[in-house]
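Hi,

Here is the structure I promised to send over. Have a look at it first, and then read on for what turned up.

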Amino acid sequence: MIKKRKIPLGSPVIIDTIKSKYNLKNEANREIALMPEGIVADYSSELSGEFLIVKLRSNIEIKVSDNELSECTRNYYFSDESFSSGLVKRIKDFFKIEFVLTGNREIKSLLNPFTFLKWIKFTIKDVF
């Protein structure tokens with residue numbers, strides 16, 4: 001089971017005014033949609049899920065779910081923090097690049113073991 005992290009109290013958040021119920025089409029929520037920035041004031045647990053109580057810059061408190069937050073806010077607080085090291089990422093990116101035989105490669109690049117293995121893979125693919 002993956003434990004979902006919570007946004008810390010007092011953290012700034014932005015409400016998505018396109019997907020949430022607080023959009024410009026609704027006249028009652030127009031003031032909320034014009035200034036959707038605020039801070040997390042509290043949490044509310046209900047049967048339908050856990051909600052954030054956000055105090056907006058206009059001193060209005062609203063209850064929103066995690067899905068109603070903007071994309072940048074969700075990416076900031078809920079992004080995956082298991083980043084691979086730079087060297088491992090470079091090696092993976094190198095193997096994802098397709099080898100193109102143009103005839104103007106220097107012999108040094110062919111003597112590189114990774115490039116040589118990619119060249120072997122490229123030539124074998126043409127044979128089969």
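Four strands make up an open sheet in the order 1-2-3-4, and the pairing is antiparallel. Strand 1 (12-14) and strand 4 (61-64) sit at the edges with a single partner strand each, so one side of each has no neighbour in the sheet. On average, neighbouring strands here are turned by 50° against each other, direction ignored. Before you go further, keep in mind that this is a predicted model.

Now strand by strand. Strand 1 is joined to strand 2 (residues 37-46) by 3 bridges, and the two run antiparallel. If you want to find that pairing on screen, go to proline 12: the bridge partner of proline 12 in strand 2 is isoleucine 39.

Strand 2 also pairs with strand 3 (residues 49-56), again in the antiparallel sense, over 8 bridges. Here you can look for valine 40, which stands opposite valine 54 in strand 3. The link from strand 2 to strand 3 is a hairpin of 2 residues.

**A nonpolar patch**

The other thing to look at is on the surface. Ile91, Phe94, Phe95 and Phe114 form a nonpolar patch there, and together they have about 320 Å² of accessible area. Helix 3 (residues 86-96) gives the largest share of this patch, with 3 residues.

Isoleucine 91 is in helix 3.

Cheers

Definitions and conventions: Residues numbered from 1 in each chain as written. Predicted model: local features only at pLDDT ≥ 70, side-chain atom pairs only at ≥ 80, totals over all residues. Heavy atoms only, no water. Pairing = 2+ DSSP bridges. Axes fitted to C-alpha atoms, helices over the stretch in contact; angles between N-to-C directions. Patch = residues over 30% accessible without salt bridge, like charges linked within 9 Å, V, L, I, M, F, W, Y side chains within 5 Å. Areas by Shrake-Rupley, 256 points an atom, 1.4 Å probe, with all protein chains shown as cover. Salt bridge = Lys/Arg side-chain N within 4 Å of Asp/Glu carboxyl O.
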